[in-house]
Amino acid sequence: MRRLILIAVPYIWLLALFLVPFIIVLKIALSDAWLAIPPYVPTLDISAGWAGFKDFLSGLDFENFIFLTEDDLYWKAYLSSLKIAAISTLFTLLVGYPIAYGMAKAPDEWRPTLLMLVILPFWTSFLIRVYSWMGILSQEGYLNQTLMSLGLISEPLIILNTNAAVYIGIVYTYLPFMILPIYSALEKLDASLIEAAEDLGCSRLSAFWLVTIPLSKQGIIAGCFLVFIPTIGEFVIPSLLGGSQTLMIGKVLWEEFFSNRDWPVASAVAVILLLILVIPIILFQRNEQKQREANE
Amino acid sequence: MRRFSWFNATSLTLGFAFLYLPMVILIIYSFNASKLVTVWAGFSTKWYGELMQNEAFLDAAWVTIKVAVISSTIATALGTMAAIVMVRSGRFLGRTLFSGMIYAPLVMPEVITGLSLLLLFIGIGLDRGVLTIVLAHTTFSMCYVSVVVSSRLVSFDQSLEEAALDLGCSPFQAFFLVTLPIIAPAVISGWLLAFTLSLDDLVIASFTSGPSATTLPMKIWSSVRLGVSPEINALSTIMIGIVTIGVITASLVSKSTVARQQREERAAERLSAG
């Protein structure tokens, strides 16, 4: 009995507030937009019984999905989200790996502090961290001021409201997600392996390529997924730092819902976004599984 | 051991400069006397004063704290229960679905979580406001809590609880007197995580709140869209300060707890050896 309550309470909560809402999204994605409250038909009329249910089912169709394939805005948004996510994941890796490597090589007594310094930004507001870059990157911002006073440039660089600013914002906010798994892989790495490679005639650089990188592969893969997956649906960064030409699907969904008030299309966008995310999520879990098995 | 090389020192310095410089600049310029955020015109705390006069911000701050405290507390209770179910309950009907629902919100884009919850609230005719934000935040943060707590539960020695049961505790007592104190650090860090997630959330709150309730991130969002302002810098500085103090305190507390536990264990060993 006690066990039943223990299982039932969180179970019912998740069913009611996670699974059911999701089914509603799926249902509305198959409905038509209508000038009403709520702004879509058909609605399920429970009082009409079975006949009402049949009416409801016959009112559903794939029109919204067909609409998404016809309007190339959506294709472009999905593709450009994938592209932005892939490029910024690569940049995050290039920035994060040396930091993780430096942390793993740092003296033992520094490591807890360094680790804390990486985790601390993760606890500070995401919105504030993105916002802090607006002042730096804007035309009269701190970066341009510094570069101009150093005489490196004569005209201010236009960075804010371009894709470059979006990349910087993503690298900055997701950096801890990249550093932590790579650090934990590098920390476990046995230093004598590298010494052995060098004794056997490897240069330091080739020892790094042939020993360190392959042995930290799991950490690299985990870090890349941890950056790539949430970036695809990102909304705040492209809206604050990106420009009008920055096309990302999270932003499209938001505008479809709040500006166009087209709920069925917004729902259909959400369903396809999830389908796109399924593949990287499954790959990520496989990688985690492999890692667990390797540790055992 | 190899000497700490120049390359590593440089990459650490540059890396941490990159992580912290934006926030340091933000904090410095929150004390700028000028309304123009990029021109330094002397030290002043007037923006903090103006912030304290701004009713809209204070209201939003109050709503945010209320939502964060309530939702993280419920989420901690539900998440701990879910963690116990995941680690201890063995097989039961629909277990796969259950663990799926625990892990899915962790990777679900916020726009989708927000949209789906909003559609649910409208579907059942629930007025949007503080209550709906609390429900939404509880749902996604309980999953984080359950991941944190279950990683602690896995390494927990179950024989301790069995011993308590053998010595006449009811299962309820055994949980509160033995298990809970041992997993408490994980439960507390789960609560803190849920609290900051709620404090920080913009997207889900925007979808699930109504005109009666505006949270601080929503308020910041609407003013930030118009550009950088010294008032927002001041507000950000306060929020960064609170989080920094909280995280450092939490880590010091957990460090001293670990040290105390080790001392007690050593004392127990000495006793049993002597």
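This is a predicted model: local features need pLDDT of at least 70, side-chain atom pairs count only at pLDDT 80 or more; totals for chains, interfaces and linings use all residues.
**Exercise 1.** Find which residues of helix 11 of chain B are buried, and what they pack against.

*Solution.* Start with the helix itself: helix 11 of chain B covers residues 230-273. Next, pick out the buried residues, among them B:Pro230, B:Ile232, B:Leu235, B:Met239, B:Val243 and B:Val247. Finally, look at their partners: helix 5 and helix 6 of chain A, plus helix 1, helix 2, helix 3 and helix 10 of chain B.

**Exercise 2.** Work out how helix 3 and helix 4 of chain B are arranged.

*Solution.* Their axes lie 11 Å apart, at an angle of about 135°. That makes helix 3 of chain B oblique to helix 4 of chain B. The crossing is left-handed. Now the contact: B:Ala82, B:Val85 and B:Met86 from helix 3 meet residues of helix 4 including B:Phe98 and B:Ile102. By class, the contact has 6 nonpolar, 1 polar and 1 charged residues.

**Exercise 3.** Say where A:Asn161 sits and how exposed A:Asn161 is.

*Solution.* Check the backbone: phi of A:Asn161 is near 65°, a positive value. Most residues other than glycine have a negative phi. Then place A:Asn161 in the loop between helix 7 and helix 8 of chain A. Its relative accessibility is 42%, so A:Asn161 counts as partly exposed.

Technical notes. Residues are numbered from 1 along each chain as its sequence is written. Chains are lettered from A and ligands numbered from 1 in the order in which they are written. Side-chain values use heavy atoms; hydrogens and water are left out. Axes are lines fitted to C-alpha atoms, for helices over the stretch in contact, and angles run from 0 to 180 degrees between N-to-C directions. Helices (H or I, at least four residues) and strands (E, at least two) are DSSP runs, numbered from the N terminus. Angles under 35 degrees count as roughly parallel, over 145 as roughly antiparallel, 65 to 115 as roughly perpendicular and the rest as oblique. A crossing is left-handed if the near helix is turned anticlockwise from the far one by less than a right angle, and right-handed if clockwise. Contact means heavy atoms within 4.5 Å. Ala, Val, Leu, Ile, Met, Phe, Trp, Tyr, Cys and Pro count as nonpolar, Asp, Glu, Lys and Arg as charged, and the others, Gly among them, as polar. The expected span of a helix is 1.5 Å times one less than its number of residues. Buried means under 20% relative accessible area, exposed over 50%, partly exposed in between (1.4 Å probe, protein chains only).
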